[in-house]
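Subject: Structure handover

Hello,

Please find the structure below, followed by notes on what was found in it. Could you keep the notes together with the model?

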Amino acid sequence: MLLRRAARSSWRAAGRRWFGSRSPRVEGAPREKADAVVIGAGVVGLSVGRALAMAGREVIVLEASGSFGTGTSSRNSEVIHAGIYYPANSLKARFCLRGKELLYKYCAEREIPHKRIGKLIVATSDAEIPKLEAIFARGKGNGVEDLEMIEQSRVVEMEPEVRCVKAVLSPSSGIVDSHSLMLSLLGEAESHGTTISYNTTVVGGHVENNRLHLHISETKGLESNTGNSHLQAQLMLTPNLIINSAGLSAVPLAKRFLGLSQSIVPDAYYARGCYFTLAQTRKPPFYRLIYPLPEEGGIGVHVTLDLNGSIKFGPDVEWIDGIDDLACFLNRFDYFVNPDRSAKFYGEIRKYFPNLKDGFLEPGYSGIRPKISGRGQAPLDFIVQGEDVHGVEGLVNLFGIESPGLTSSLAIAEHVISKYIR
């Protein structure tokens, strides 16, 4: 939609030009100005776009796909996290705790399907108890005041199918219909004047006069491109404010912002997580979320209920390599769930659900985590990066917004507005 504003003759002229990773300008492409541009229409991008519009800004949200929330936002557990696992005073801890409060309020006021069902984090052996106690202490330190450490006997009363020696009860954890949430955010953003431009890919940019000029292409113009060093630009857009909320492509995109110091752009890593659903059961065996202790790259193969009572297990962690820029921009990730991965799932799940029978797991779906720390590395915090860090006026980068990004979405928007909007 945005690109259609440019003259067709200018499109054809721009179509004969190319820019690469070292080119500082896009010769021949038409230029336009804008007030506030949000890159990415996932749950965080929509939250930020809505907040900006409500603050009186003229907002354009640019989305590479044909609809909103087609990436990480639609391929997660749909859990409202309590804020337990994250280091004290980290953005993840602060945004999760504040985001949970905002999200429950938002959903209740707008009748968005959600449920505060609670969560059990379980230790399945005595050797795991110290780690469970550390998680409990961290959650309390983060301000999650309703946490309880409970014994096996009480767990059995609450969840008869769960086997463990001890557990942490988190009453404020819950689930939400993420699609309904994003639809509501989108509707409110549009009602305050926000324009959503789908099938519009930001493929790079350059800094000129301390402003970032975005290089933009229609997505369909990129789909036949097989390389990642030269991408065609059909429009150059110069906004007063840019929020890079591109999720899986946020880091690769920032690396294409010519003139932005690359020393402040983290490396990108990707981890696929698969989900399996519980089949052949009339009555759900669980009433709450059931989580084992965290593992490297994630928080373990856990039990999630959806709002219809169906059970899914996941995600696991599978590090994936060889992802190029174009794959990120066009969401060309492999989301296939290999049925053979169920063998590992059975072993992990039976540690806390020993009555799981063979043949009861069916492939569900998968998602990709946009990580900024890789295999064997300590997990990193969210990065919210403005002019105070990189020196480019009006640019805010959101890097590494994985879990608890859904829970944190409204808090991230609140933070962006309070810190970076003049």
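Glu402 is buried, at a relative accessible area of 12% (buried means under 20% relative accessible area, exposed over 50%, partly exposed in between, with a 1.4 Å probe and protein chains only). The model is a predicted one, in which local features need pLDDT of at least 70 and side-chain atom pairs count only at pLDDT 80 or more, while totals for chains, interfaces and linings use all residues. Residues are numbered from 1 along each chain as its sequence is written, and side-chain values use heavy atoms, with hydrogens and water left out.

The loop that holds Glu402 runs between β23 and α11. Helices (H or I, at least four residues) and strands (E, at least two) are DSSP runs, numbered from the N terminus. Leaving aside residues up to four places away in sequence, Glu402 touches Lys92, Arg369, Pro370, Lys371 and Phe382 (contact means heavy atoms within 4.5 Å). Ser261 is 141 residues from Glu402 along the chain, and their C-alpha atoms are separated by 24 Å.

Pro404 is also in the loop between β23 and α11. The peptide bond from Ser403 to Pro404 is cis, with omega near 10 degrees. A cis bond also joins Gly314 and Pro315, with omega about -10 degrees; Pro315 sits in the loop between β19 (311-314) and β20 (318-320).

**Helix packing**

Two packed helices are described by the angle between their axes and the distance between the axes. Axes are lines fitted to C-alpha atoms, for helices over the stretch in contact, and angles run from 0 to 180 degrees between N-to-C directions.

Helix α3 (residues 91-110) packs against helix α11 (residues 405-420) at an angle of about 100 degrees, and their axes are 7 Å apart. The two are therefore roughly perpendicular (angles under 35 degrees count as roughly parallel, over 145 as roughly antiparallel, 65 to 115 as roughly perpendicular and the rest as oblique). Among the residues in this contact are Phe95, Leu102 and Tyr106 of α3 and Leu406, Leu410 and His415 of α11. By type, the contact of α3 with α11 has nine nonpolar, four polar and three charged residues. Here Ala, Val, Leu, Ile, Met, Phe, Trp, Tyr, Cys and Pro count as nonpolar, Asp, Glu, Lys and Arg as charged, and the others, Gly among them, as polar.

Helix α2 (residues 43-54) and helix α6 (residues 178-191) cross at roughly 30 degrees, and their axes come within 8 Å. That makes α2 roughly parallel to α6. The contact includes Val43, Leu46 and Arg50 of α2 and Leu181, Leu185 and Glu188 of α6. Its residues divide into eight nonpolar, two polar and two charged.

**Strands**

Strands of a sheet pair through backbone hydrogen bonds, either parallel or antiparallel. Two strands pair if DSSP finds at least two bridges between them.

Strand β14 (residues 235-244) has nine of its 10 residues buried, so it is largely enclosed by the rest of the structure. What are its partners?

- β2 (residues 31-39) runs parallel to β14, with eight bridges; Arg31 has Met236 as its bridge partner.
- β12 (residues 211-218) runs antiparallel to β14, with three bridges; Ile216 stands opposite Leu235.
- β23 (residues 395-399) runs parallel to β14, with three bridges; Ile242 has Leu395 as its bridge partner.

Strand β11 (residues 200-208) is likewise largely enclosed, because eight of its nine residues are buried. Eight bridges join β11 to β12 in the antiparallel sense, with Thr200 opposite Glu218.

A separate note concerns the open sheet of three strands, in the order β4-β9-β5 with antiparallel pairing. β4 (79-80) and β5 (114-115) are at the edges with a single partner strand each, so one side of each has no neighbour in the sheet.

**Backbone around β11**

Most residues other than glycine have a negative phi, and most peptide bonds are trans. β11 and β12 form a hairpin with two residues between them, and Asn209 in the turn has a positive phi of about 55 degrees. Asn210 is in the loop between β11 and β12 and has a positive phi of about 60 degrees. Asn210 is partly exposed, at 32% relative accessibility. Asn199, in the loop between β10 (195-197) and β11, has a positive phi of about 55 degrees. Asn199 is partly exposed too, with a relative accessible area of 41%.

Regards
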